[in-house]
Structure formats: C-alpha cells, structure tokens
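Biologist: Please take one part of this model and go through it closely. I would like the cut-offs along with the values.

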Amino acid sequence: MPQSPAAPLNARRVLVAVVPPVLVVGAVLVTFLSLRDRLPGRMAVHIGSGGHADGFSGQGSFLATALGVLIGDGVLFGALTYWIRTTPGVQRVIAVIGGTVAVLTGWLIVAVLLANSDVADASSVTLPGAQAALAFAAAAVYAAIGWLICGKAKESEAVSAPSTGAERLPLGDSETAGWTRVAGSRVLPVTGVLVAAAGIVIGFTTGWLPALPLLITGAPMALLTGARVTADRRGITVTPSLTPWPRLNVPLERIAEAGHRTVNPVRDFGGWGYRARPGASGIVLRSGDAISARLTTGSEFVVTVDDAATAAALLNTLAERERERRTAAGG
C-alpha cells in the first residue's frame, strides 16, 4: 500500500511532541539517582518570591510527581498530535507546545534537584533567577527547532468535508421566520473545572503567578455549558447560555451559501470552543451536525448544533432575499 504523502510529516510532528518528555524523564532519573544520597529527606520544591524556600516534599513524592507530569505531557500531546493529523496547522502548534513544555519543566526539575543537594536544612535552599531564565531560553530554542522539524503544512494534508445541501426554506414575500436552538457541551465544563483545579493546586504549591494562566483559562471554560444559536434576519448569532456576552454574529450579507456537515472538534479544529484555522472558523461545542456557512470571503464558518439543516435552509432563503433587496436598492 503506498504511503500517504503526509505520513512522514505526521511522524515527525509526533516525535517533536514525544521525544523531549522521554529524554527529560531520563535526565531527571539520572540526576535524582546520582544525588539521592546528597538530598535531604524533606526537599524544598518551591522557592517563594523572596528567594527562600516555602514549599517542601519528600524525595519519593517529588520524584513521582515530576515523572508523572513529564510522562503525562508526552502521552497527552503525543496523542493530540496524532489525532489532529488532518488539521496540519494546529497539529504543528500542538506538537511544538508539548515538546517545549517538557523542556521547560524538565530544566526546572533538574535545577531544583541540584539546588537541594548537600544542604542540611531544606529551608535554606535558594534557586538563582538565572535558572528560570535558562529554562525559558532552552524552551525557546527547542520551540524554534521543533517548529522547523515539523515542516510546513502541505495543501494535500488539509482535509475538510464539504457542506451538504443548499436547500431553501419556502417563505412568502411578506413572511419572515427565525430559528433558535441551544447547543450544549459536556467537554468544555469538565475541562474548565480540571484546568481551574490544576491552577489552584499550582497556586498553593508553586505560586499564583504561574497558576494565573490556568485560572484565567479554566474559569470561562467551566461556565461555557452551552450556547444559544439563532438564525434569522440578523444572520447567525451565537450567545453563551448563562451570560449575554460575548455574542458572536455573522450577518446575512456575509453569507454566500449555507449547508450542514458533520464536525469532529479535535480532528477538524484541534479542540472545543471558538476555533480558527486557515480557511475556517466557528463555535465547536461537540461532535456531530453543524451549520456550515460559506462566507463571501471564501472561508467557512461552522456552529455545531442539532437540526442544522433547517437553520441552513432558512439562512439561504433570508440571505438570498437580502441580496435581492440590496440589488433593488442599488438599482
């Protein structure tokens, strides 16, 4: 069987995500074993803003946590990189993030081990600021190298199923209509709670500054249990179920044609929520049926929602009516 032209690039991207965690796990184990007799039983694992240790852990707990984080990074980002292989642009970013996080985390873990060696009292441990600078520098270097290794996405890699149907909903000249449904999401609230919980744990154990991105990301995700999707004379409007903001609207004059198609969040867009990739964007809350609007710019806008075919048919009728009205007004 002939090999897909994208197969070598897919393999390289998976390796970009997986190889750093594997190598870093080895480096952490070698460092820990070589220093084990020189490490205190109660290790300093967090250095506060004043430069003094304010978080402590046993040797075994520290090693288990460190290895768990690194192995989890490799498994998570390796699997994601492989799974979203039909979205090469997103796949490239995910692969580089996975490898970069492993390099950054591994450097800091080794630095903490070295800082704990040969100390009589773990509370006296300090970690020079240069170590953090070096960790970020190493991560930046790997990000650049990994980006080059991943290679540019080829046009043959991009796969997007065409929308189906360009039906019209019959309406009289004086009739108007609207369509609305609530699209729910199970993944986003659960993911948001887990991300926010991870931020809280990191805040108490490591510091609130590194936890801030997780808290800022996790809290809105936890609240995004669903969205109301409306198709009417204003076009497509999507509003969160629990709050009136942020509201997203695609007016009728921007819609060239509407249809519906099946969407897989991870494979097609690299995740859930508001997603954007070359040639397509939209609100992706779950797998399944979605409104697929071809915009006048040539790009696609999708919204995952039940009964998408009815919404698309109504949008086609209203968009055609709007074009006729504008033509008549212009003439």
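**Helix α3 and its partner**

Modeller: Asp 118, which follows α3, has a positive phi, near 65°. The model is predicted, so to speak of local features a pLDDT of at least 70 is needed, side-chain atom pairs count only at pLDDT 80 or more, and totals for chains, interfaces and linings use all residues. Residues are numbered from 1 along each chain as its sequence is written, and side-chain values use heavy atoms, with hydrogens and water left out.

Helices here are DSSP runs of H or I with at least four residues, numbered from the N terminus.

Helix α2 (residues 59–83) packs on α3 (residues 88–116) at about 170°, with the axes 9 Å apart; axes are lines fitted to C-alpha atoms over the stretch in contact, and angles run from 0 to 180 degrees between N-to-C directions. The two are therefore roughly antiparallel (over 145 degrees).

In the contact (heavy atoms within 4.5 Å), α2 residues including Phe 62, Leu 70 and Asp 73 meet α3 residues including Ile 94, Gly 98 and Leu 113. The contact residues divide into 14 nonpolar (Ala, Val, Leu, Ile, Met, Phe, Trp, Tyr, Cys and Pro), one charged (Asp, Glu, Lys and Arg) and five polar (the others, Gly among them).

Conventions: Angles under 35 degrees count as roughly parallel, over 145 as roughly antiparallel, 65 to 115 as roughly perpendicular and the rest as oblique.
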